[in-house]
Amino acid sequence: THDNNENIWFGSDVGALSWDGSRLSQYDINDGLLGNETNRDALFLDDNGDMWIGTDQGLSIYRPGFDLEAPGKPLVSLIEIKVDNDTFPADKNLELATSFRELVIQFRAVTMIQENNLQFRTWLEPFQETWQESRKIPSREVRYSSLSPGTYTFHLQAIRSDGALSDVIHSRTITVLPPIWQTWWFISGAVIILMGILWSVL
């Protein structure tokens, strides 16, 4: 169904969707719909330009004249980092023994509208080659395990349903230390001892 602005409307099981040719907007119970499940053909544009939307919980009306422009962009920040049973502040460099089991990065996100519909892009560099596909993260935390020795940086960005982007934020460096037998001084010492043994034998 087309509205008076030539936007295309269609129903889905996550609310009514509107496509303006470049951006997809979602409207669900958080925006005032009576229900989230909307039949694909259960939309009707009346002579006043209002969109009637049939849902599994009843009939809703979308009036574009009552739309409010979203103020500003989403705000995101890192809260803390959990490593197994220990908790560390997110604003400090972190060094971890290679024996840890799980790394959990917790964050918060704030926006004036549709906060439950925020999606997030995450990237743990260089564990992942690039940004991961945007997705909802209701728990506001990301978990990683099986990290090899090295230095990592976590990147995060929020995306609102109207397309507004937060600033990209970055963690401080997260360093996973190698096991003792992989350190340069252990290897150097082992080589010296081996050479001494060979020298005494010869």
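Lys73 is partly exposed because its relative accessibility is 40%.

The model is predicted: local features need pLDDT of at least 70, side-chain atom pairs count only at pLDDT 80 or more, and totals for chains, interfaces and linings use all residues. Residues are numbered from 1 along each chain as its sequence is written, and side-chain values use heavy atoms, with hydrogens and water left out.

What joins Lys73 to Asp167? Their side chains meet in a salt bridge, with N and O at 2.8 Å. Lys73 sits in the loop between strand E6 (58-62) and strand E7 (75-83), and Asp167 in the loop between strand E13 (150-159) and strand E14 (169-170), so this pair ties together parts 94 residues apart in sequence. A salt bridge here is a side-chain nitrogen of Lys or Arg within 4 Å of a carboxyl oxygen of Asp or Glu.

## A salt-bridge network

The structure holds 4 salt bridges. A network of them links Glu102, Glu141 and Arg143. Take the link between Glu102 and Arg143: the closest N and O atoms are 2.8 Å apart. Glu102 lies in the loop between strand E9 (94-96) and strand E10 (103-110), while Arg143 lies in strand E12 (residues 141-144), so the pair ties together parts 41 residues apart in sequence.

Arg143 also forms a salt bridge with Glu141, and here the closest N and O atoms are 2.7 Å apart. Glu102 counts as partly exposed, at 30% relative accessibility. Arg143 is partly exposed as well, with 47% relative accessible area.

An open sheet holds 3 strands in the order E1-E2-E3, with antiparallel pairing. Strand E1 (8-12) and strand E3 (24-27) are the edge strands; each has a single partner, so one side of each has no neighbour in the sheet. Strands are DSSP runs of E with at least two residues, helices are runs of H or I with at least four, and both are numbered from the N terminus. Two strands pair if DSSP finds at least two bridges between them.

E1 and strand E2 (residues 15-19) run antiparallel and are joined by 5 bridges. A hairpin of 2 residues joins E1 to E2.

Asp3 belongs to the segment before E1. Is Asp3 buried or exposed? Asp3 is buried, with 11% relative accessible area. A polar atom of the Asp3 side chain lies 2.8 Å from the backbone nitrogen of Asn7. Leaving out residues up to four places away in sequence, Asp3 touches Trp9, Leu45 and Met51. Contact means heavy atoms within 4.5 Å.

Ser25 is placed in strand E3. Ser25 is buried, with a relative accessible area of 14%. Which residues does Ser25 touch, not counting those up to four places away in sequence? They are Ala16, Leu17, Ser18 and Ser161.

## The whole protein

The protein has 1 helix and 15 strands. Of its 202 residues, 37% are buried. Among contacts with a separation of 6 or more, 52% join residues 24 or more positions apart.

Conventions:
Buried means under 20% relative accessible area, exposed over 50%, partly exposed in between (1.4 Å probe, protein chains only). A polar contact is a pair of N or O atoms within 3.5 Å; within protein, one must be able to donate a hydrogen and the other to accept it, and residues adjacent in sequence count only if both atoms are side-chain atoms.
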